[in-house]
Amino acid sequence: MKEEIFAEMKKRSSKSLIGFGAELSGLRTGRASTAMLDAVKVDYYGTSTPLKQIATLSVPEARTITIQPWDVSQLHAIEKGIQSSDLGLNPTNDGKIIRISVPPLNEERRKEIVKIAKKYAEECRVSLRNARRDANDAFKKLEKDKKISQDELKKFQNEVQESTDKQIKKVDEMLSHKEAEIMEV
């Protein structure tokens, strides 16, 4: 029973950390990255489709992203999708390939992006705390049903807290790494 509760908590915590990592990778840092375009949706024959499902994305240079659509007729739809995203990027279309020049970030924009990263970190921490609460509730129910003793309950709650503390420390490390990456000129 104990193992199942811990396994469920670890699974939820892991999902939260993976999601947080994905959100961080989508934040713009001043260097070109195809992950920046992960959230971009394109109107593909009437269906909102992720950009990476209809084109090949690559980073030939540090500040350039190229997008080569599999269907050249979708160039304008891809351009429109990028322009309507809140990334602040201006694509250029040469008839076969779309190029995006990633301009260096100014100080104000860097601070805005750091705020967004901090918001994502707090959402992840809340998710981890919810997993902790649910695990503690499950252990309290076992103790109430006389399946574990009060001493075991305290021991398990301490283990849950230690695990949560480790996960939150990981979130803080990921955030500080991303913050340093964003703020570097």
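## Close-up views of a predicted model

View A. Residues are numbered from 1 along each chain as its sequence is written, and side-chain values use heavy atoms, with hydrogens and water left out. Look for Val160 in helix α4 (helices are DSSP runs of H or I with at least four residues, strands are runs of E with at least two, and both are numbered from the N terminus). Leaving aside residues up to four places away in sequence, Val160 touches Phe6, Met9, Arg132, Ala135, Asn136 and Phe139 (contact means heavy atoms within 4.5 Å). Met9 is 151 residues from Val160 along the chain, yet their C-alpha atoms are separated by 8.5 Å.

**View B. Aromatic rings.** The whole structure holds 3 aromatic pairs (rings of Phe, Tyr and Trp, the last by its six-membered ring, pair if their centres lie within 6.5 Å; planes under 30 degrees apart are stacked, over 60 edge-to-face and the rest tilted). Tyr44 and Tyr45 form an edge-to-face pair, because their ring centres are 4.9 Å apart and their planes meet at 65°. Phe6, Phe139 and Phe156 are linked by ring pairs into a cluster.

**View C. Two loops with a positive phi.** Most residues other than glycine have a negative phi. Tyr45, in the loop between β1 and β2 (47–50), has a positive phi of about 50° although it is not a glycine. Tyr45 is exposed, with a relative accessible area of 56%, whereas Tyr44 is partly exposed at 28%. Lys146 is also not a glycine, and its phi is positive at about 65°. You will find Lys146 in the loop between α3 (107–144) and α4 (150–183), where it counts as exposed at 74% relative accessibility.

**View D. Helix α2 and what covers it.** Helix α2 spans residues 75–84, and its buried residues are Leu75, Ala77, Ile78, Glu79, Gly81 and Ile82. Their cover includes β1 (41–44), β3 (55–61), β4 (64–69), β5 (91–93) and β6 (98–101).

**View E. Arg125 on helix α3.** Arg125 is found in helix α3 and counts as buried at 13% relative accessibility. Beyond residues up to four places away in sequence, Arg125 touches Ile168, Val171, Asp172 and Leu175.

**View F. The largest pocket.** The volume of the largest pocket is about 350 Å³ (a pocket is an open set of points on a 1 Å grid over the protein atoms alone where a 1.4 Å probe fits, with protein on both sides within 12 Å along at least five of seven lines; lining residues have an atom within 4 Å of a point). Grid points are joined across faces, edges and corners, and the volume is the space filled by probe spheres set on them. The lining has 17 residues, and those closest to the pocket centre are Gly26, Leu27, Asp86, Leu87 and Tyr120. Two or more residues come from each of α1 (2–25) and α3, with α3 giving the most, 4 residues. By class, the lining has 10 nonpolar, 2 polar and 5 charged residues (Ala, Val, Leu, Ile, Met, Phe, Trp, Tyr, Cys and Pro count as nonpolar, Asp, Glu, Lys and Arg as charged, and the others, Gly among them, as polar).

Conventions. Predicted model: local features only at pLDDT ≥ 70, side-chain atom pairs only at ≥ 80, totals over all residues. Buried < 20%, exposed > 50% of the residue type's maximum accessible area, 1.4 Å probe, protein only.
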